[in-house]
Amino acid sequence: MGITPKQWERVKELYQAALECTATQRSFFLEQSERDEMVRAEVHRLVGVHDRLGTLLSSPSFVAFRSTGANPPERLAPGEVLASRFRIVSFIAAGGMGEVYKAEDSLLDRIVALKLLPKELAEDQESLEQFLREAKAASALNHPNICTVYDFGEDAGRAFIAMEYLEGETLSALVQRGPLSTIEALKIAITVAGALGAAHRKGIVHRDLKPGNIMLTESGTMLLDFGLAKYERPVASEENLSLPTGDAQVVGTLPYMSPEQLHGQEVDARGDIFAFGAVLYEMLTGKGAFQRKSNTETLVAVDSEEPSPLHEVVKDVPCGLEKVIRRCLRKRPEERYSGMAEIEHELKDCYELALEPFSGVNLRVLFLQSRQPRVAFSALIILLALMSLVGWWIHHSSKVRWARDQALPQISTLIERDELGEAYALAVQAERYIPADPILAKFWPDISWSDSIVTNPPGASVYRRNYNAPNSKWEFVGLSPIHKGRFPAVDSSWKFELQGYTTVERATFPSGPIVLTLHEDGKTPSRMVPVEFEKEGSVQSKPIALWGIAGFEALPAVPVATYWIDKFEVTNAEFKRFMDQGGYERQEYWKHEFRKEGRVLPWADAMKHFVDKTDRPGPSTWIQGEYPQGEDEYPVMGVSWFEAEAYAEFVGKSLPTIYHWIAAASPTDSPSLIPASNFSGKGPSPVGAFDGMSWCGAYDMAGNVREWCSNEASSGERYIMGGAWDDPTYMFNLAEARSPFDRSPKFGFRCAKYVLTGQEAQAGVPIKVQFRNYGSEKPVSDLLFRAYRGLYSYDKAALNAKVESIQQTEDWREEKVTFDAAYGGERVVAYLFLPQRASPPFQAVVHFPGASAVHLRSGGKELSKYLPDFDFIIKSGRAVLFPIYKGTFERGGGAKPTYWPNTSSTYRDNVIFWSKDLSRSVDYLETRPDINPDKLAYEGYSWGAAMGALLPAVETRFKALVLIAPGLFLQERLPEVDQVNFAPRVKTPVLMLNGRFDFIWPPGISQEPMFRLLGTPKEHKRRVVYDTGHDVPRSEMIKESLNWLDRYLGPVK
Amino acid sequence: MIPPEADVTALLVEVANGNQAAQEQLVPLVYDHLKKLARGYMRRERADHTLQTTALVHEAYLQLVRQRSPNWQGRAQFFGIAAQLMRRILIDHARRHLRAKRGGTQAVLPLDEALAFSPEHSEDLLKLDEALDRLSKLDPRQSRIVELRFFGGLSAEETSKFLGVSPITVKRDWALAKVWLYGELRPGNGDHAKTVGTR
């Protein structure tokens, strides 16, 4: 065009003004205002175009144009004959179906309305056939208020429908002029309802009910365009043009479309009911129920907004009517009426009610107006109408597909990767769309736990968040009690709040139940947490065994009742108060004997030991009787056991017994607790700074500083627990015993409040545990070893093996076999699993279970619990033999053998029995033709793995050892059954898989010495350590074990 | 694959806050969706191939965004982006249709709020696209107004808020644009520039 942007701007400015001039004024005005001729010419041009487009342009919405003058080629001229029968009289309008003509039916000698279908429709065979079918169905509608379809067909490439010719006014034109009276509206509505109902009963849905399809003729109200809405093109009709809104985005049928229709779903009768409600609303108010200023807003309104209540817009609406309309306009089809009959009935009731004041007056509704005003369009005007969005899946069904096809497999993957928190979150999302899905149902046990949360009193607000995730928000779970709540299977922190009561914190690793008591605000000792135990849904005392402290597991349990323990380690500030109030000067706080090297010191002399760096009374780390500035909240460090006891006396509490300390700390939670605690190696931290909260709500029981307990060990030493910031993490799982005079900088303490009555007094007794110190131990000489080894030998008599029963699963064949033991006329029971997916002769792995085997009595049934420990081996194509060792499962009976070593002969005898059972099993395997005797391995878990440091020194026919979570026993036992003497004589390639937080066999004192002692050459020894407790991640276990077997037994063919 | 609705809504909020990166993320999401919808439309076994662009955009909007929550801004953002994409999609369709079909009558393209695209309008549509490009060189904002209202179905008010200009400006620009476009699409149609008056 050549015009520049600058010029264009000028054009715009002038154009507006130029429009307002008359033609004659215009040139003058432009000459005056603009020097640039190009600009003037452009303005002129544009104004010219504008004029030609005429009034159509002032109708804000539409500009329509077509090539000048001539009819489009498809338009039929008067006089033309269609189907040898219909003679065109005149063109009426571009109607819903292309064009509508008035025609003469020469066959039946009547005037008809002829609707011609769009050419493309007629050209597409399938569409045409479908259309004809629909037209046929519609023609079967024979109802006084439905525009009758006489005939339909095609001719010369045009498809047509011949129907009743109607003269009158559409409802939309009528409503244009203002709202109808209640009576008028009701009359029309009742008629329409009747017609619609009749059609619905014949299975025909209108699909496009709107005021433009309701015609008011002399003979009554008529419904048009039944069931044929699908074939409509967006078309102009006067209703659309004349909508009075300022910037009319005329939407056509949009405001009458039901929400499900908008979403592209198939419409049924209830969609018609929605439209009906919208029409009724409009009749009474004069405006559309959902009409808004733009398409967008109308769309949203239909989908999610309620129309203004009728009584706000119109006076004197019978309330029955409002209810009817509201129910028709429910967003969800199932909430609307299910049929027109009911609506018709209710409307009739309303009508009678409305008539009452006028009884005696004959009201007639004027139907007939002048002929439908024709708008002379020389142009084809296309209306904005949201066309059928039929067939689009609503986002909900796509959500269902997402849930099924995407979320479910993802959840499965997350479970395998052990990311249970994420799996849970995803599952909760998916559950919204596929709540009844059976696959989803199977996931829940893996990713969630379900149990009760009970408080006393009830009604507390319960909050949960992920453990050791300080940035995650507290989620409100509900009010206690919560029965059968479902929670993600991840370590969680909990908070319980109730007005007037002290907030309680708890942690679960990962599962509950949780039962606790809330204590009233005034009645709670400050900075202390209650330690309560739950049993069978209520709070009770619990026998506490020293489980989780290596080497202490076998000590007898002691019942412990509810008590309080300090939430934090005693701080500098708190200890200072003790000092300032004469703590070091008042003898009455110092109640214990100061026994040192056999002598008892007098109090004054003893106190000389308890001085700080400047020889003033105070903790060893203080200076001039003060602690470093700013460290009020740091734990007091460098205190002896005596000082701790004196402080406790001062505040009216006690040092915890080791039982109380362990019950609160719960060292078996070490894998969760340790990573969240201060073992940083950098220094101590203020109390509570780290997230590591024990299950009962106490902080820093692991790490930070070590904590004195009250119990005596041997020779006057006292226990100090928990480990400090610079200790190896496994110190949390060890009980250290130190001189009560010791004042190392990492020694601190906390207090507890408890009463020991009766049996509980056991908690306070001295505890003597002999520990093995593998650092300094040496194995016995070869000579001695051979003597020991001799104890294990037996004569190889006949096995008399028998296959007792066989069970088949899809993965293996399970044979229960028995054979003679190497002693006492007993029979060994063993389960042999033969793989389906390989061919004999099989490699074989002999399994040795964990210690629980000792407790279980019934073998076969319980066996399935042990399958996960070796099922993957079978699936790799190898046979597994699971011998029932003496004293375990069905070979138990009588006293349970202890798997914790001790120095008794019974223990020694048991170990020898187990060894003989093992060797006999190998003997048996050698007799099986389907087993390859050169390819045998040993696989042990926990107890069985620990035995793997001993047994293979006797039984040397294995080619590989796989030991899951082993370690050297910490307890004393007789040398002939001591791992220390046998491990160096194990030469078989060995794989050890350990957990860093193993509380039974801690790495430093048990796992590492074992690995060192094993006699296997370095290149055939392998140890992997994981961030777990007394187990190993399953995927790792499978991977490492199978790799090891592949390497030393060879891959399975 | 319909993206989870949260993404789009969140992205819309971001875009409304001026986050360019979010816009870049949103565009492919919406584009894919619109294309898919458009393809679906074209493939239907209906003779009526009329593609209502606004219908499409609205449908995409319903499917992608949670209507209850987004504020007005969010809607405008969506439609603003969708409008542009819709235009691209339609032009592609038109080109492809013209390539496939040789000759045949081309019907007149009606200019109105909701561009109704039938294959028979392909030629005009391409012309419109080119004309809009020319207009954008003269007045980018005016061209954008046309795009938003034609292809995106935004009302004048929404357009004015979206672009940050007064509604009067929008209406005037819109009215003039229509006239200009008409002139562009029907140059030889008896509308020679009439220079009226003489000096």
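In the predicted model, I565(A) has A752(A) as its bridge partner in strand β30(A). Two bridges connect β30(A) to strand β23 of chain A, residues 563-566. The two strands run antiparallel. They belong to an open sheet of three strands, ordered β18-β23-β30 in chain A, with antiparallel pairing. The edges are taken by β18 (528-531) and β30 (752-753) of chain A. Each has a single partner strand, so one side of each lacks a neighbour in the sheet.

Another open sheet of three strands in chain A has the order β8-β9-β10. Its pairing is antiparallel. Here β8 (168-170) and β10 (220-223) of chain A stand at the edges. Both have a single partner strand, so one side of each is left without a neighbour in the sheet. On average, neighbouring strands of this sheet are turned by 25 degrees against each other, direction ignored. Three bridges join β8(A) to β9 of chain A, residues 214-217. E169(A) stands opposite L216(A) in β9(A). Helix α8 of chain A, residues 182-201, lies across β9 and β10 of chain A. This helix runs at about 45 degrees to β10(A).

Aromatic pairs were searched for over the whole structure, and 50 were found over all chains. In one pair, the ring centres of F86(A) and F160(A) are 5.5 Å apart. Their planes stand at 65 degrees, so the pair is edge-to-face. The pair links distant parts of the chain, 74 residues apart. F86(A) lies in strand β3 (residues 86-93) of chain A, and F160(A) in strand β7 (residues 158-164) of chain A.

The peptide bond from N456(A) to P457(A) is cis, with omega near 5 degrees. P457(A) sits in the loop between β11 (448-456) and β12 (461-466) of chain A. The bond from P840(A) to P841(A) is also cis, with omega near 0 degrees. P841(A) falls in the loop between β33 (827-835) and β34 (842-848) of chain A. Q624(A) is not a glycine, yet its phi is positive, at about 55 degrees. Its place is in the loop between α20 (603-607) and α21 (641-651) of chain A.

In chain B, helix α6 (residues 140-150) packs on helix α8 (residues 167-185). Their axes are 9 Å apart and meet at an angle of about 85 degrees. That makes α6(B) roughly perpendicular to α8(B). The residues of this contact comprise eight nonpolar, two polar and three charged. From α6(B) they include I145(B), V146(B) and F150(B). From α8(B) they include V170(B), W174(B) and L181(B).

Helix α6(B) has the highest confidence, at 86, and strand β2 (residues 111-112) of chain B the lowest, at a mean of 44. Over residues 1-6 of chain B the pLDDT is below 50, and this stretch has 15 contacts beyond near neighbours in sequence. Residues 44-51 of chain B also stay under 50, with 37 contacts beyond four places in sequence. Where pLDDT is low, the predicted coordinates should not be read in detail. The model scores ipTM 0.72 and pTM 0.49.

Definitions and conventions. Residues are numbered from 1 along each chain as its sequence is written. Chains are lettered from A and ligands numbered from 1 in the order in which they are written. This is a predicted model: local features need pLDDT of at least 70, side-chain atom pairs count only at pLDDT 80 or more; totals for chains, interfaces and linings use all residues. Side-chain values use heavy atoms; hydrogens and water are left out. Two strands pair if DSSP finds at least two bridges between them. Helices (H or I, at least four residues) and strands (E, at least two) are DSSP runs, numbered from the N terminus. Axes are lines fitted to C-alpha atoms, for helices over the stretch in contact, and angles run from 0 to 180 degrees between N-to-C directions. Angles under 35 degrees count as roughly parallel, over 145 as roughly antiparallel, 65 to 115 as roughly perpendicular and the rest as oblique. Contact means heavy atoms within 4.5 Å. Ala, Val, Leu, Ile, Met, Phe, Trp, Tyr, Cys and Pro count as nonpolar, Asp, Glu, Lys and Arg as charged, and the others, Gly among them, as polar. pLDDT is the predictor's confidence in each residue, from 0 to 100. Rings of Phe, Tyr and Trp (its six-membered ring) pair if their centres lie within 6.5 Å; planes under 30 degrees apart count as stacked, over 60 as edge-to-face and the rest as tilted.
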